[in-house]
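Visitor: I am new to this structure. Please take one part and walk me through it closely.

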Amino acid sequence: MYVIATAGHVDHGKSTLVRALTGIEPDRWAEERRRGMTIDLGFAWTTLPSGRRLAFVDVPGHERFVTNMLAGLGPVPAVMFVLAADQGWQAQSQEHWEAIEALGVERGLLVVTRCDLMDPTLAVEEARERVPWPVVAVSGSTGAGLEELRLALDGLVSVLPAPDVRAPVRLWIDRAFTVKGAGTVVTGTLAAGRLRVGDVLTLEGERVRVKGLQVTGEGVESVRAAARVAVNLRGVELERVSRGKALLAPGGWVETSVVDVRLDQGPGEPPRKAVLHIGAASVPVRVRPFWPAGGGTAGSGAGAGMGAGTGAGTGAGAARLALALPLPLRVGDRALLRCSGRPIAGVLVLDVLPPSLRGRGAGGRRAAELAPFVLTDRGTSRVPDAVTVLGWRGVARRGELVAMGLDPRPLDVPGAGDWLVDAGRWKELGERLGAMVAKQPGIPVDAARTALGLPARELVEALVRARPPLRVGDGRIDGEGVPDAVAEAVGRLRAELAAAPYLAPEAARLLELGLTRHVVALAARAGLVLRLADGVVLLPGSEVAAVRILARLPQPFTAGDARAALGTNRRVVIPLLEHLDRLRLTRRLDDRLRVVTGQETGGTGEEGGRSMSGATEGDVGREGVAGQADGVTVDGVTVDGVTAERRVRVGIVLPRPSGDPGAWLTDAVAFEAAGADALWVEHGAAPELDPLTLTAALAAVTYRSSLVVAAVPDPGRSHALATVERLSRGRLVLIGDAGEGTTGRTIVRLEDGGYQELLVEREGGGEGGGEGGGGGGGEVVGRWVPVAVPAGRAAWREVMGAAQERGDAGVLVSADPRLLDLLRNPEDPGGRHDLQLAQG
């Protein structure tokens, strides 16, 4: 189907001619037929001699209905201009022709009617001065010349450019009504694209669905441009639709309220307020010309982008239109600007998303950008392409350019994802980013994005990749190397931590070393320091070394255990342990306890040779545990050049349960929480209670402490023994006489009343005890010495100091409530960090 519109002065016979050609009455209203004058748009169709179907949009000719006329004229590619032979060229003939010129409609026919009343020669000569189209003389009342007109129409539509059926749909609504049983129906001229039943379109930003389609009164499943089409919308109230609104393909159009345009008008300054007509829409606009006030003629200024007029003294210039309502527009759209008392001005859309005009001279700069597209000859005028618009914007999405009516395929520019960046802008951004990183190494990517004015983080990352040696890591941008001041400050920190690698300097000391917050951030970004928290800084690799030390502790361990083993304080150990948790090098069991990842079993003899006293002698220097000669070990072994003393363990001898065993278990949990390393079930305790069952109960309520119980020689209890060992997750240790060791960790009684801890091979069970109380046939780990309950902290420190000097593995103390405080707070009350922390 092809669609053309009529045009011409009122009462020149447009509707009569359409009726004679189609047999359809285009005047739909009774008032139109009574007055013999078209008031609103009329529609009719016919089949031409070639078989082509042609639809007419019959427009009113009266000056009071120019808005309706423009609504019908806007979407069509050709016009049948009607002129009465007996009246000649009239006022509305001139206004209609100005609208046709302004819209850039280049194809049409000049049809002179009423040739039965007067010779058409004079009217034709008068019209020839303006209309360059072929002429056909007819009489609507007698039918003379109608066949020639049909042939001429056939020839006209045969040369019309083929519409783009792949283009996104924009259907300007020119009628809206309801049909009983169907609902809301809208009509319009489909100038491009294709519609199908079931399609989803947008109406003022909301999605609507096509329920049905009709063309020339017949239902169809799909329709392709060009065509007059009626669209039945599902679930849309009539109040939501009206003339001037548009049905759009989702994502295919930019709905904008500000546009930069080429304005074609007569001499003089353009109006400041006018009405914009495009398609079937008419919207009030405010006009901001980009040429000086009082210009509007050639030579108004180099920056104005003005050109000399052609035709009837028309001139062209750039202007910005601010629309009262957003409209779906594209670069290259043609429209009209109408103001009362002024000639109709043509509008050519140059930019649908123009930049804001801020600062002095912004309007002049914008006029200079638009100047190449503000040409005087409409036949040679051009619109910006994707390269030009991207140059104006600097950065744009590919899909956004398509929605603006531009073809981004020829673009060969940098970018990221759907984002495209103008080549010149890309170079400028790269230089700015390089200078930014040189001044502020480690700048966050998002901060750089804001400073560069980029809309997306991925563009910054792409810019970094394009400018080595810049690099992105952990959300920050670094360059090559670090400033000398940072390297020097890190050197001073390294010297500070040489004697105590985990005793991080206080905040004031960091400042003395030159490690300000900014310097620490740069050093951390470069991997020169390990920043655990604000004001807590260690050397890189400290976390790995710490794990090696913590792996030698009985598992699980407390923060206090880690603090003592690392030789540091609570300010450092808490963020360090949290850092190890995040790295999954350690794992929290509850509010107090952690385990080194892979050490949850507590470390039996066959799984690494660990004992109650920590690392065995065989662990020292072992690859993968202690590392290299200068690596990290514990309990008397060098830690990065610093010797860590062996820690004396504390074993609590639990008394025999009396009364409720639950209270006995509660006491055991309390001692473990206070820091006890081993819980000993007293030999021969409560004969009516089974020692292994008691130990199994201890295994269920404790997590960290070793569980020591007397050996059971009965072979029938081996199954129960294996069950308890599994429940304890490898923490079970048996007490036996010298040579009775039957498990990997065994404690034997010595003649002097002490105990010796051994590592015994499971296979063979070991041979007899050593001479002179030397213990059983296994590797000697250390000696456990029974001690009396100390009277106070001073006595406790003496006991622990003496055991340390003797090299004992641990001390055995009978359970006593006073031990809870001694274990939790071995220092004097004045030096108790937990109380200081609680009191602020």
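Visitor: Within how many Å do the axes of helix α17 and helix α18 come, and at roughly what angle do they cross?

Guide: First, the ground rules. This is a predicted model, in which local features need pLDDT of at least 70 and side-chain atom pairs count only at pLDDT 80 or more, while totals for chains, interfaces and linings use all residues. Residues are numbered from 1 along each chain as its sequence is written, and side-chain values use heavy atoms, with hydrogens and water left out.

Now the pair. Helix α17 covers residues 559–566, and helix α18 covers residues 570–582. Their axes come within 10 Å and cross at roughly 115°. That makes α17 roughly perpendicular to α18. Angles of 65 to 115 degrees count as roughly perpendicular, under 35 as roughly parallel, over 145 as roughly antiparallel, and the rest as oblique. Axes are lines fitted to C-alpha atoms, for helices over the stretch in contact, with angles from 0 to 180 degrees between N-to-C directions. Helices are DSSP runs (H or I, at least four residues), as are strands (E, at least two), numbered from the N terminus.

The crossing of α17 and α18 is right-handed.

Look at the contact next. From α17 come Ala559, Ala562, Arg563 and Leu566. From α18 come Arg570, Val573, Ile574, Leu576 and Leu577. Contact means heavy atoms within 4.5 Å. These residues divide into 7 nonpolar, no polar and 2 charged. Ala, Val, Leu, Ile, Met, Phe, Trp, Tyr, Cys and Pro count as nonpolar, Asp, Glu, Lys and Arg as charged, and the others, Gly among them, as polar.

Now set another pair beside this one. The axes of α10 (residues 423–439) and α11 (residues 445–452) come within 11 Å and cross at roughly 130°. These two are therefore oblique to each other. α10 passes α11 in a right-handed crossing. Arg425, Leu429, Arg432, Leu433 and Met436 of α10 meet Ala448, Ala451 and Leu452 of α11. That contact has 6 nonpolar, no polar and 2 charged residues.

Last, confidence. The mean pLDDT of the chain is 79, where pLDDT is the predictor's confidence in each residue, from 0 to 100. A value of 70 or more is reached by 79% of the residues. Over residues 29–40 the pLDDT is below 50. Over residues 761–777 it is also below 50.

Technical notes: A crossing is left-handed if the near helix is turned anticlockwise from the far one by less than a right angle, and right-handed if clockwise.
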